[in-house]
Amino acid sequence: MSTFNLDIVTPTRNLDEMVVSYVRCPGLDGSFGIMANHQEGIFSLDIGVIMIKTNSETKYLSTSGGFAEIVNDGVCILVETVESASDIDIPRAEAALQRAKDRKSSSDKENLDQVRLENALSRALIRLRVAKK
């Protein structure tokens, strides 16, 4: 199977460059897959799960959104945050989910930003989904 280089960059760290056979990203208009020799382009990423397949394993990462740049020799994913299953503190993620639910149920009383509430809820759910893989 053909492979390509994948580089994942956040504002605070640069994950090790990997040689992969497939990447699935959460795009703003739905998930999309990338294989070797994919058409070049820049795509916006949403909150979701990044799936990475190498010849020997499949990894799942939680992200809060960013961009994917596809060039002829590889892919660079620029994201605000990224966490692997082993990086996620499950009790902390569950607490964040509960806070988001509580805020959502009381949002009528308080004048909270609905988009921020939905994003917090989505991030917490995605982190828990990745942590359990």
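## The loop at N37

N37 sits in the loop between β4 (30-34) and β5 (41-45). Strands here are DSSP E runs of at least two residues, and helices are H or I runs of at least four, numbered from the N terminus. With a relative accessibility of 71%, N37 is classed as exposed. Exposed means over 50% relative accessible area, buried under 20%, and partly exposed in between (1.4 Å probe, protein chains only). N37 and V71 are 34 residues apart along the chain, and their C-alpha atoms are separated by 8.7 Å.

This is a predicted model: local features need pLDDT of at least 70, side-chain atom pairs need 80 or more, and totals for chains, interfaces and linings use all residues. Residues are numbered from 1 along each chain as its sequence is written, and side-chain values use heavy atoms, without hydrogens or water.

## Helix α1

Helix α1 covers residues 90-105. Its 16 residues reach 23 Å from first C-alpha to last, close to the 22 Å expected at 1.5 Å a residue. The expected span is 1.5 Å times one less than the number of residues.

A93, A96, L97 and A100 are the buried residues of α1. They fall within an arc of 100° seen down the helix axis, so they line one face of α1. The arc is taken over directions from the axis to the C-beta atoms. An α-helix has 3.6 residues a turn, so residues three or four places apart point the same way. The face turned away from the buried side carries exposed P91, R92 and S105.

## Helix α2

The cover of the buried residues of α1 includes α2 (114-131). Contact means heavy atoms within 4.5 Å. The 18 residues of α2 should span 26 Å at 1.5 Å a residue, and the end C-alpha atoms are 26 Å apart, which agrees.

Buried in α2 are L117, L121, A124, I126, R127, L128, V130 and A131. Their cover includes β6 (48-53), β7, β10 and α1.

## The largest pocket

The largest pocket has a volume of about 310 Å³. Of its 16 lining residues, A96, A120, R123, A124 and R127 are the closest to its centre. A pocket is an open set of points on a 1 Å grid over the protein atoms alone, where a 1.4 Å probe fits, with protein on both sides within 12 Å along at least five of seven lines; lining residues have an atom within 4 Å of a point.

β7 (58-63), β10 (82-84), α1 and α2 each supply at least two lining residues. The largest share, five residues, comes from α1. By class, the lining has six nonpolar, four polar and six charged residues.

Methods: Grid points are joined across faces, edges and corners, and a volume is the space filled by probe spheres set on the points. Ala, Val, Leu, Ile, Met, Phe, Trp, Tyr, Cys and Pro count as nonpolar, Asp, Glu, Lys and Arg as charged, and the others, Gly among them, as polar.
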